[in-house]
Amino acid sequence: VSRLVERGCVYVVGAGPGDPDLLTVRAANVLAAADVVFHDRLVSDEVMARAPAHAARVDVGHRAGDRRQDLVELAERMADCARRGLVVVRLKGGDPFVFGRGSEELQALLALGASCEAVPGISSALAGPAAAGIPVTHRALAASVVIVSGHERRPPDGPRWDRLRGDTVVVLMGTARLASLSRQMMDAGWEPGTPAAVIMGATTPRQRQVSGSLNDIAERAAEVGLGPPSILVVGEVVSVAPGLTAELTAGVGAPE
Ligand SMILES: C[S@@+](CC[C@H](N)C(=O)[O-])C[C@H]1O[C@@H](n2cnc3c(N)ncnc32)[C@H](O)[C@@H]1O
């Protein structure tokens, strides 16, 4: 039996990577009961279509910027809707706590005394590679995976590659800086020939991907015109993908 969706509550919900079938049951139930949905720009139209037609939709993509004040104002607006007895959904791409500032928004809401619930989502950091047939761990190839922000300012000077080690590295928010990110990784000791892939729009009809090695992945991604939202995956696991996707494709509609 599903838990009730309460009126007067703000739900900070992970929308998953894009495919509406990858919403959690809780996320889908909460969204179906929404009176107002405050959504990031990255949330797909297909997911937004799961909100009721009467629900108000507020795109806060451009406002949820770096300014603390924007975040506080947004929290005040959502808390106000909840106080009026509405079911308020704050919908964020992937998982709200993976580079999504969900925790900061939740803190701001709690400071305002709002009733809140966090609903986890499937992060693009895991679903993106999987959608391209890349397992982020593999018994023979990778026993660890690190998820890194490729943002130039977070942390302040970009990723601390000297401190990061993982058999598989998944970089989010790095599309515009693929060349410098891969150069920094090689400078920090990753082999230039390490398999790498870029996946754009994972799990959506716009999904496209390209693979190569750390030393040419930026060039390959540029050649085929991959842009945001994309993730970079680096590690031996990338070499598993062609076999895995061939097997999966062969399994689809195969004769009895
Ligand atoms: C601000 S972060 C938010 C991540 C999100 N909370 C999550 O767990 O997936 C935005 C980044 O997520 C990645 N991203 C989100 N959805 C994606 C998708 N469908 N395909 C590829 N990358 C995606 C991109 O790297 C994008 O720059």
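The model is predicted: local features need pLDDT of at least 70, side-chain atom pairs count only at pLDDT 80 or more, and totals for chains, interfaces and linings use all residues. Residues are numbered from 1 along each chain as its sequence is written, and side-chain values use heavy atoms, with hydrogens and water left out.

**Helix α5**

- Helix α5 spans residues 124-131. Helices are DSSP runs of H or I with at least four residues, strands are E runs of at least two, and both are numbered from the N terminus.
- Ala-125, Ala-127, Gly-128 and Pro-129 of α5 are buried. Buried means under 20% relative accessible area, exposed over 50%, and partly exposed in between, using a 1.4 Å probe and protein chains only.
- The cover over these buried residues includes β6 (145-149), β7 (168-172), β8 (195-200) and β10.
- At the start of α5, a side-chain oxygen of Ser-123 comes within 3.1 Å of the backbone nitrogen of Ala-125.
- Gly-133 follows α5 and has a positive phi, near 80°.

**Leu-126 and the surface patch**

- Leu-126 lies in α5. Leu-126 counts as partly exposed because its relative accessibility is 45%.
- Phe-99, Leu-126, Val-145 and Ile-147 form a nonpolar surface patch. Together they have about 310 Å² of accessible area.
- Patch residues have over 30% relative accessible area and no salt bridge; like charges are joined within 9 Å, and nonpolar side chains (Val, Leu, Ile, Met, Phe, Trp, Tyr) within 5 Å. A salt bridge is a side-chain nitrogen of Lys or Arg within 4 Å of a carboxyl oxygen of Asp or Glu.

**Ligand site**

- The ligand is surrounded by 17 residues. The closest are Asp-95, Val-98, Ser-123, Ser-124 and Ser-230. A residue is near a molecule if one of its heavy atoms lies within 4 Å of it.
- A backbone N or O atom of Pro-17 is 2.8 Å from a ligand nitrogen.
- A polar backbone atom of Asp-95 is 2.8 Å from a nitrogen atom of the ligand.
- A side-chain N or O atom of Ser-123 is 2.7 Å from a ligand oxygen.
- Taken alone, the ligand exposes 570 Å², and the protein buries 88% of that. Accessible areas come from the Shrake-Rupley method with a 1.4 Å probe; for residues, only the protein chains shown count as cover.

**Gly-227**

- Gly-227 sits in the loop between α7 (217-223) and β10 (230-234).
- Gly-227 is buried, at 17% relative accessible area.
- Leaving aside neighbours within four places in sequence, Gly-227 contacts Thr-175 and Met-200. Contact means heavy atoms within 4.5 Å.

Technical notes. A polar contact is a pair of N or O atoms within 3.5 Å; within protein, one must be able to donate a hydrogen and the other to accept it, and residues adjacent in sequence count only if both atoms are side-chain atoms.
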